[in-house]
Amino acid sequence: MITTEEIKKLAKLSRMEVSDEEIESLKSQADSILGYVGKIQGISAEADIGLPSLRNVFREDAATHAANEYTEAILSEAPSREGGYIKVKKILS
Amino acid sequence: MIDLSNLTIVIARKKLDAREFSAVELSKEYLDAIKAKDADLHAYLEIYDDVIAQAQAADERIGRGESLPLLGIPLAIKDNILITGKRASSASKILEGYVATYDATVIGKLKAQGAVFLGRTNMDEFALGGSTENSAYGSTKNPYDLDRVPGGTSGGSAAAVSAGIALGALGSDTGGSVRQPSSFCGVVGLKPTYGCVSRSGLMAAVSSFDQIGPIAKTVTDAEMIYEAIKGTDPLDSTTITETTHAKREAKKSYVIGVPRKLIDAEGIDPGVKENFDMALQKLAELGFEITDIDLPSIEYCLPLYYILNFAEVSSNLARFDGVKYGLHADGKDLLGDYVKTRGQGFGPETRRRILLGTYVLSSGYYDAYYGKAQAAREALKKEFTEAFDHVDFVATPTSPIPAWKIGEKHDPLSMYLADIFTVTANIVGLPAISLPSGFTEVEGKQLPLGLQFMAPHAAEHILFDVGKKFLGEVI
């Protein structure tokens, strides 16, 4: 049985606000879903993932576009900005 | 007047090249059809305002004598695939106002061919669901019965093709999201081999499962879109090359494996079973050999799929924080901004999966869930490799049940169980196709059903070959 405290802890770890009302419905849903996916424990296979077939996926360390080519387009998506920076609330007091 | 109901990409290509109609005329017909039908269906979240301009550009190229398979062909694009300068939201409130800053690789390839993008289609938020009911912008309706779901998560794309308001479409498939809505809407849907089509510019849901795939009226049309979008991409390190997987030759006759235990499992609709047996009979008449196969780990396919799905979703969706783009809700400090933005921006199913993903990845539970799921995934991969020594492909129904009524499934788990036949291809990375296989009558309405084939890695050509034979398409 998953508890209210556990849901609250998961919400905190997920950086996500969850209302008390939602916690109640999540408790029973989580129980039935985790009960179902928990059947996985019946499998006898051991994690034998082995080595993946490795290959080099790195590109050459070279410029792929002109400086500032995308800066304005990307920064203009930010909810809050100041000049060439994304603006957030201060984290050190 | 162009007859859109019988139009395919193949026919449109011929008529565009023969100047029987122009790309502008074709696109105008589609815009009119959208106006007439989409108020009921809600397949589209947005119709682009530059459709005619795109079609004009295609006409200019046709005028210069160019002929590319998709030049001037009007397509619908799922709302989680980026097109520069266009909105893309994954049907989520958390991406409210977001405008794509680059083209997905598949979009770049379609633009190079001169395809015309009609608009972006509705979906389950972040491709999490199976009915398009999880969209923050309302459900899409099934063209065969407006009270029913079109399937999901690419429900808007499948409904658009089915209703004749797009000639073809792109969807994405994480656990059946191209194939299942295709079966619910009576069209063809392909999930390519993992890594065959670049995921650059596709919003990530479950990175080890996601693939972009075509939805079309015929196998030949689906193949044309697939040929246009596939290929190795330096921007997606998981893309494969021509030599990654062993080549398999197309044959005159094939051996079809049927995982009988899975099909005889509880919860499979009798109408679906009957339709599947009829499909097998038809395949036998076409000269295919049919044999039962045993895949012992397949009974764990849904638990393993959902554990990995929750885990990867919880980490992939960590990027939505109200700082870089999309919705921002104000808290008392930076942490408060995150917590409020994510609390308000994500819908109920997305929130559920983020929390469950955080649970299965937390220390103490990791080995029992994530570790076991990885082991089961490896076991299932091995079993398929062995099965493909004896059979050329595997057949199942696409979905255990036909399209359900909008709002009928309240319990999230019951929705998950409807993915029983489709998740395996994503777990193992196999290509799989859903073909229209007939209808079942439910409450006086004819509802489409689908037949699914799964082939070995990189054997899409076998799926196309068998699909054309099954549907009687001229090869």
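Is F126(B) buried or exposed? F126(B) is buried, with a relative accessible area of 3%. Here buried means under 20% relative accessible area, exposed means over 50%, and partly exposed lies in between (1.4 Å probe, protein chains only). The model is predicted: local features need pLDDT of at least 70 and side-chain atom pairs count only at pLDDT 80 or more, while totals for chains, interfaces and linings use all residues. Residues are numbered from 1 along each chain as its sequence is written, chains are lettered from A and ligands numbered from 1 in the order in which they are written, and side-chain values use heavy atoms, leaving out hydrogens and water.

F126(B) lies in the loop between β3 and α5 of chain B. Helices (H or I, at least four residues) and strands (E, at least two) are DSSP runs, numbered from the N terminus. The phi of F126(B) is positive, about 55°, although the residue is not a glycine. Most residues other than glycine have a negative phi, and most peptide bonds are trans. The loop between β3 and α5 (155-162) of chain B also holds T153(B). A cis peptide bond joins G152(B) to T153(B), with omega about 15°. In chain A, R15(A) has a positive phi near 55° and is not a glycine. R15(A) sits in the loop between α1 (4-13) and α2. It is partly exposed, at 39% relative accessibility.

Rings of Phe, Tyr and Trp (its six-membered ring) pair if their centres lie within 6.5 Å; planes under 30 degrees apart count as stacked, over 60 as edge-to-face and the rest as tilted. The count by this rule is 22 aromatic pairs over all chains. The pair of Y366(B) and Y370(B) is tilted because the ring centres are 5.2 Å apart and the planes stand at 40°. Y366(B) is partly exposed, at 36% relative accessible area, whereas Y370(B) is buried, at 16%. F384(B) and F388(B) form a tilted pair, 5.8 Å centre to centre with 45° between the planes. Both of these phenylalanines are buried.

Lysines lie over two tyrosine rings. K86(B) is over the face of Y48(B), 4.7 Å from the ring centre. K93(B) is over the face of Y137(B), at 5.2 Å. A charge sits over a ring if NZ of Lys or CZ of Arg is within 6 Å of the ring centre and within 35 degrees of the ring normal.

Helix α2 (residues 20-37) of chain A meets helix α12 (residues 348-361) of chain B. Their axes come within 11 Å and cross at roughly 60°. Axes are lines fitted to C-alpha atoms, for helices over the stretch in contact, and angles run from 0 to 180 degrees between N-to-C directions. Residues in contact (heavy atoms within 4.5 Å) include L26(A) and I33(A) in α2(A), and L355(B) and Y359(B) in α12(B). 

R13(B), in helix α1 (residues 9-17) of chain B, is buried, with a relative accessible area of 9%. Among the residues that R13(B) touches is L68(B). L68(B) is partly exposed, at 28% relative accessibility.

Methods:
Lists of a residue's contacts leave out its neighbours within four places in sequence.
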